[in-house]
Amino acid sequence: MSGLGRSSWQYRARPSKDAALRARLRELAAGHRRFGYRRLAVLLRREGWAVNVKRVYRLYREEGLMVRRKRRKRVARGRSPRPDAPTAAGVRWAMDFMSDSTATGRRLRTLNIVDEFTRECLAIEVDTSLTGERVVRVLDRLCIERGRPAELLTDNGPEFTGRALDAWAYANKVKLRFIEPGKPTQNGTVESFNGRMREECLNEHWFGNVGHARGIIEAWRRHYNEVRPHSSLGYQTPAEYAKRGAGLRSSLTTSAPRFEDHQGIALEQTTEGLS
């Protein structure tokens, strides 16, 4: 025995091994406010942290970083048949419109075009008004960059059912497929994309004007394609999955340099593929 009384002993706290990891997790969560613990774990592993999902989940809860989600009322309805899934990139593009507004209350519309196979967002056209003729011009530009798709999947909006798109599809031998009225689940890929865009971009920013909105939304589109892990692609990014075709769906472990969007929010850009 040392001869010291018990009242003389004091516990000396050791520095936590998780301190640096907690700090980085908080930074990533602040820069990606709508990311859950699984996507944050992917970003940490890209940077070289040797962590598993369970450890990240524990720290995520202890730091109070949980994403709050609104509970939507579920309405019982019959299931709608969906088109067969495409088997390659460029086979079917899905299109849809979204609406938002600037800080001054001016209306904004976006035309979102997504490749159903790779989940890539090919374009987001932003303006106060988007007509069928404008849709055709965007498609012409994408066809020059990527080639023509075999099909276009849309809802029954007037911009999609009008003469301009019909004439373009006929001239370019592209099949138009329309979902049933009131059945958005038949265009689930673009509807899912719209939800992510609403949560992670539109709800996170104030747009001063149309030009400002275009810059912010285009930066987010690149981030979505090149950085954001996509759960249905095995936590690869859409750009990586497109580059690898129908490669193995496994998660990424890459290091990522950072760039900033138009409001100074740090984003990360992947430069490597699967380990």
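Predicted model: local features only at pLDDT ≥ 70, side-chain atom pairs only at ≥ 80, totals over all residues.
Residues are numbered from 1 along each chain as its sequence is written. Local features need pLDDT of at least 70 and side-chain atom pairs count only at pLDDT 80 or more, while totals for chains, interfaces and linings use all residues; side-chain values use heavy atoms, without hydrogens and water.

Select helix α1 (residues 19-31) and helix α2 (residues 37-46). Helices are DSSP runs (H or I, at least four residues), and strands are runs of E (at least two), numbered from the N terminus. The two axes, lines fitted to C-alpha atoms over the stretch in contact, come within 10 Å and cross at roughly 120 degrees. Contact (heavy atoms within 4.5 Å) involves L21, R24, L25, L28 and A29 of α1 and L40, L43 and L44 of α2.

Next, select helix α4 (residues 132-146) and helix α6 (residues 163-172), which pack at about 30 degrees with axes 7 Å apart. They are therefore roughly parallel (angles under 35 degrees). On α6, the contact residues are A164, L165 and W168.

Now pick L139. Beyond its neighbours within four places in sequence, L139 contacts W93, M95, I113, L152, L165 and W168.

L139 is also among the residues touching the most other members of the largest nonpolar core, which has 21 residues. Such a core joins buried (under 20% relative accessible area, 1.4 Å probe, protein chains only) Ala, Val, Leu, Ile, Met, Phe, Trp, Tyr and Cys residues through side-chain atoms within 4.5 Å. Helix α4 gives the largest share, 6 residues.

Finally, select V190, C201, F207 and I217, which are among the 19 residues of another core, apart from that one.

Methods. Axes fitted to C-alpha atoms, helices over the stretch in contact; angles between N-to-C directions. Parallel < 35°, antiparallel > 145°, perpendicular 65-115°, else oblique. Buried < 20%, exposed > 50% of the residue type's maximum accessible area, 1.4 Å probe, protein only.
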